[in-house]
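Visitor: I have a model open and want to learn how to read it. Where do we start?

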Amino acid sequence: MACKNNIILTSTCIISSVTCVALTFWGQIKNNGTITTDSYIGIIASLIGVCATIVVGFQIASFFELRNLKQQIDQVEKQRKDLELYKTTISNEIHLSKTGISNAFGILSVVEKGSLLGFAARVSSIVCDDLQATPGNILLTRYQQLYNEISFFPKTIVFL
C-alpha cells in the first residue's frame, strides 16, 4: 500500500512539474521568446508549490486512512475483550455444572451404598470432578469411598 502511494505521489509530481514547465515555455514563447531570471524563479517556485501541495494532500489522505484503521483496531480489541469475558463466564458455568453433577452423583452413591448403582455413581462423581479446582480432601474422601466399595464387591461375590 505504501509503495503504491509513493508511485502515485511521484507520478503526480512529475506530471504537474512537466505541465508547469510546458505552460511557462509556451507563455514565454508567445510573448517574446526569451526566458528571464524572474520567469525561471517563478517556474521553480510554482513547481515547489505544486509538489508541496500534492505531498500535503497525500499526508491528509493517509491520516484519514490511519484514523479509520485505528477505529477498526479498537473495535477488534473490544470484541476480543468481550469474547474473553464470555469465555470466562462460560468456563465458570461449566465448573459449577460439573461440581453440581459430581455432588449429585456423590449423594446418589451414599444413598445407594453397596449396590451397583452406588458404585457407578461413585465412579461418575470422580469422573465429573475438576481435579484442579476441587479441594484435595474432597477428592481423597471420594477415592477412599470408591476403594471401600471396590473392596466390598469381592467380599459379597465370594460369600454368595
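Guide: Start with how elements are named. Helices are DSSP runs of H or I, at least four residues long, numbered from the N terminus. Helix 1 covers residues 2-31, and Phe 25 is in it. Keep in mind that this is a predicted model.

Visitor: How many helices and strands does the protein chain have?

Guide: The count is 4 helices and 0 strands. Along the sequence the pattern reads α-α-α-α.

Visitor: Which helix has the highest mean pLDDT, and which the lowest?

Guide: pLDDT is the predictor's confidence in each residue, from 0 to 100. Helix 2 has the highest mean among the elements, 83. Helix 4 (residues 136-159) has the lowest, 67. The mean for the protein chain is 76. Of its residues, 80% reach 70 or more.

Visitor: How do I read burial? Which residues of helix 2 are buried?

Guide: Look at relative accessible area. Under 20% is buried, over 50% is exposed, and partly exposed lies in between. In helix 2 the buried residues are Ser 39, Ile 43, Leu 47, Ile 54, Ser 102, Gly 106 and Ser 109. Over the whole protein chain of 160 residues, 16% are buried.

Visitor: Is Ile 48 buried or exposed?

Guide: Ile 48 lies in helix 2. Its relative accessible area is 55%, so Ile 48 is exposed. Ile 48 also belongs to a nonpolar surface patch with Tyr 40, Ile 41 and Ile 44. Together these four have about 410 Å² of accessible area.

Visitor: What is the accessible surface of the protein chain?

Guide: About 12100 Å². Carbon and sulfur atoms account for 68% of that surface.

Visitor: Now charges. How many salt bridges are there?

Guide: The test is a side-chain nitrogen of Lys or Arg within 4 Å of a carboxyl oxygen of Asp or Glu. That rule gives 2 salt bridges. One joins Lys 70 and Asp 74, at 3.2 Å from N to O. The other pairs Glu 77 with Arg 80, at 3.3 Å from N to O.

Visitor: Where do Lys 70 and Asp 74 lie?

Guide: Both are in helix 2, 4 residues apart, about one turn of the helix. Glu 77 and Arg 80 are also in helix 2; they are 3 residues apart, so about one helical turn separates them.

Visitor: What is the relative accessibility of Asp 74?

Guide: It is 40%, so Asp 74 counts as partly exposed. Glu 77 has 36%, so Glu 77 is partly exposed. Arg 80, at 41%, is partly exposed too.

Visitor: What does Val 50 touch?

Guide: Val 50 sits in helix 2. Setting aside residues up to four places away in sequence, Val 50 touches Ser 16 and Cys 20. Val 50 and Cys 20 are 30 residues apart in sequence, with 9.0 Å between their C-alpha atoms. At 27% relative accessible area, Val 50 is partly exposed.

Visitor: Which residues is Ile 126 in contact with?

Guide: Ile 126 is in helix 3 (residues 116-128). Apart from neighbours within four places in sequence, Ile 126 contacts Arg 142, Tyr 143 and Leu 146. Its relative accessibility is 10%, so Ile 126 counts as buried. The C-alpha atoms of Ile 126 and Phe 105 are 8.7 Å apart, and the two are 21 residues apart along the chain.

Visitor: How far apart in space are Val 123 and Gly 106?

Guide: They are 8.9 Å apart, C-alpha to C-alpha, and 17 residues apart in sequence. Val 123 belongs to helix 3. With 31% relative accessible area, Val 123 is partly exposed. Gly 106 is one of the buried residues in helix 2.

Definitions and conventions:
Residues numbered from 1 in each chain as written. Heavy atoms only, no water. Buried < 20%, exposed > 50% of the residue type's maximum accessible area, 1.4 Å probe, protein only. Helix = DSSP H or I, 4+ residues; strand = E, 2+ residues; numbered from the N terminus. Patch = residues over 30% accessible without salt bridge, like charges linked within 9 Å, V, L, I, M, F, W, Y side chains within 5 Å. Areas by Shrake-Rupley, 256 points an atom, 1.4 Å probe, with all protein chains shown as cover. Contact = heavy atoms within 4.5 Å.
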